[in-house]
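Visitor: I would like to learn how to read side-chain contacts and chain pairing. Can you take me through them step by step?

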Protein chains: 2
Amino acid sequence: MLIAESQTMPFDAALPLQSGASIRGYSLSYETYGTLNADKSNAVLVCHALNASHHVAGVYADQPNNLGWWDNMIGPGKPLDTDRFFVIGVNNLGSCFGSTGPMHVNPDTGLVYGADFPVVTVEDWVNAQARLLDALGIEQLAAVMGGSLGGMQALSWTLQYPERVKHAVVVASAPNLNAENIAFNEVARRAIVTDPDFHNGHFYAHGVVPKRGLRIARMIGHITYLSDDVMNEKFGRELRNAVNSDTGYKYSTQDVEFQIESYLRYQGDKFSEYFDANTYLLITRALDYFDPARAFGGDLSKALERAICKFLLVSFTTDWRFSPARSREIVKGLIDNRRDVSYAEIDAPHGHDAFLLDDARYLNVVRAYFGQIANSLGDAA
Amino acid sequence: MLIAESQTMPFDAALPLQSGASIRGYSLSYETYGTLNADKSNAVLVCHALNASHHVAGVYADQPNNLGWWDNMIGPGKPLDTDRFFVIGVNNLGSCFGSTGPMHVNPDTGLVYGADFPVVTVEDWVNAQARLLDALGIEQLAAVMGGSLGGMQALSWTLQYPERVKHAVVVASAPNLNAENIAFNEVARRAIVTDPDFHNGHFYAHGVVPKRGLRIARMIGHITYLSDDVMNEKFGRELRNAVNSDTGYKYSTQDVEFQIESYLRYQGDKFSEYFDANTYLLITRALDYFDPARAFGGDLSKALERAICKFLLVSFTTDWRFSPARSREIVKGLIDNRRDVSYAEIDAPHGHDAFLLDDARYLNVVRAYFGQIANSLGDAA
């Protein structure tokens, strides 16, 4: 088993943000796996989605059960093979898993940021990641890779730093959120900010956590991660504890009756124990705001003109959060610019979650793609 | 314009409920339109869904803007023609629009029911509606009709009182909720019951209303009523007030930024002003529980064997709440029993909401079906 080690990179210089604000005295948590080759040509940056971190692969020596969130994808002999690549996982600004975020102290005020943490965008994250690469002495990435919101970062890399990326692997992602995506984010945010324990985002000072809101947010999230089919197969209309009646129902409005209710409550409770409410707001807003075509009057092909690297896009048939049609929009935009793009639409039952799961066809597509990149690295690898 | 008049029918005898409990001293609010013919053969019962009432068509003399929720369907010369049929709209038990519900006094205790209002099911509602018909002297319905949850009641009528129904019109409905449907209901319920103003359902005594929870519940509901396409067309990524920056964004986690956010907040606010929280719990549970196949080991064909009337089923292509596949399950179950069933799958962009909207093909299908029924009534009509 790969042994991971969380590292911290401090940054003194202020990072200008898309909003016009800036952040200084921040640090990024990151992990690396494998060995950087002599000409530093085998680095792969992995970007995370909403509920994930820089702990991408392996386990910590003192936490043998704390497995990286993409460990099925990344490690020795895995599709992204750490025997051949130097893989970097980085936690984004504003997160609650190590990098500077709302629960940390603002050096300008000496107070915990809370709701005053500056709004960060996908572009800001990419800029911060570029600085991390600078600090690690990596000029160009063999590849940048991510799923969902992580895929948006990978895509944005190819537009913000086209010369620094040779390949981009964009999985289960979209060129922007549609109205329904924004709507679900908004409901989750309203649940959080209207929780009396939110205290306008300064709940830390009150010694409370807006758990009610976080639970609702997570329950909504979970529904959108799963496909209809997988929900029906996994839970269907099964009861948690059938009682002795004709129907088996308890006839109660508040007791847990169906298995799906039990599952969602459990997921919501667990999440509310560790996730930061301000981080949830920040990350969902970063999702809402991402829209590279916006500056080009909505013309995605025009926006993607800047990208010069090669692409692999992957989508999953039952993903209704970021449907295959959204990935195809990106593919079309790239082809309009005659870019080198591979696209795999995987017939998988698991919905959006599929990008994190073991699907042989999916993993083989990624393995083949990275295999080609590894071979192209030549002697220096 | 049809002038409607809300009426009240009191019931002294206790109504046994599916849960084993019973309710006594209750009343039902109802409205009727048109004239009952001499042999009482032209009565049509219209059942309502979650957020609706007995006010199905027309306006009240003193409220000229308070239009019945299915006024485009029902009235003089409309698809369900009140010049030919005697139409009855009834508000269900547990509702907050007139019939006995959680905000009324329990005659057994002298206290407001609140959360102690007994759990009511689709079957219970149908039994209560049957008693109303008894009181009105109507032995057999020319038709029973409903959309969504109202369609479930129409379907249940054909199983509970097969001899009393000649036709059933079941629109945008399903033979039961699937796991995803239950999941959305559960999130909405959790938002309500975890609102500190809910007070375990006895908020009336505290002079408060769990508006936070009701807002979230309604926002979730609205997302599921609309199709992806119609949301994108209506709102897309349009900003409410673009600010003067490259992107037009305000870069705020809590301000309204997108039009879809503004729409959802408005819908949530409005709903929380008038809808009762306990009613929301009761009605979503009635939805969860409805499952006529349950007593037959999940065999819907077996369950539908009891139905002897003729059927019209209608579904809408972009309805992802109760998709056409769910209506087709009912059609199949009826055909397995060699029942007379017509089925129209309407290619409409509006999602679940379509059943309330003006779609010429949809309205014409219903018009033609009721036209045939009217003609079959013969001289007595």
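Guide: Start with the rings. This is a predicted model. Over all chains, the count comes to 48 aromatic pairs.

Visitor: What kind of aromatic pair do A:Y249 and A:Y251 form?

Guide: Look at the angle between the planes. For A:Y249 and A:Y251 it is 90 degrees, with 5.7 Å centre to centre, and the pair is edge-to-face. Then check burial. A:Y249 is buried, at a relative accessible area of 3%. A:Y251 also counts as buried, at 11%.

Visitor: And how many degrees lie between the planes of B:F271 and B:F275?

Guide: Here the angle is 15 degrees and the centres are 4.6 Å apart, so the pair is stacked, because planes under 30 degrees apart count as such. B:F271 is buried at 1% relative accessible area, and B:F275 is buried at 3%. In chain A, ring pairs join A:F97, A:F271, A:Y274, A:F275 and A:Y280 into a cluster.

Visitor: Which residue lies over the face of A:Y161?

Guide: That is A:R164, 5.9 Å from the ring centre. In chain B, the charged end of B:R164 sits over the ring of B:Y161, at 5.9 Å from its centre.

Visitor: How many salt bridges are there over all chains?

Guide: First the idea. Side chains of opposite charge can pair when their charged atoms come close. A search of the whole structure finds 42 salt bridges. Take B:E186 and A:R265, whose closest N and O atoms are 2.6 Å apart. B:E186 lies in helix 3 of chain B and A:R265 in helix 6 of chain A, so this pair joins two chains. Both B:E186 and A:R265 are buried.

Visitor: Where do B:E261 and A:R285 lie?

Guide: B:E261 is in helix 6 of chain B, and A:R285 is in helix 7 of chain A, so this pair also joins two chains. Their salt bridge is 2.9 Å, N to O. Both residues are buried.

Visitor: Is B:E273 buried or exposed?

Guide: B:E273 is exposed, with a relative accessible area of 56%. Its salt bridge with B:K211 is 3.2 Å, N to O. The pair ties together parts 62 residues apart in sequence. B:K211 is partly exposed, at 28%.

Methods: Residues are numbered from 1 along each chain as its sequence is written. Chains are lettered from A and ligands numbered from 1 in the order in which they are written. This is a predicted model: local features need pLDDT of at least 70, side-chain atom pairs count only at pLDDT 80 or more; totals for chains, interfaces and linings use all residues. Side-chain values use heavy atoms; hydrogens and water are left out. Rings of Phe, Tyr and Trp (its six-membered ring) pair if their centres lie within 6.5 Å; planes under 30 degrees apart count as stacked, over 60 as edge-to-face and the rest as tilted. Buried means under 20% relative accessible area, exposed over 50%, partly exposed in between (1.4 Å probe, protein chains only). A charge sits over a ring if NZ of Lys or CZ of Arg is within 6 Å of the ring centre and within 35 degrees of the ring normal. A salt bridge is a side-chain nitrogen of Lys or Arg within 4 Å of a carboxyl oxygen of Asp or Glu. Helices (H or I, at least four residues) and strands (E, at least two) are DSSP runs, numbered from the N terminus.
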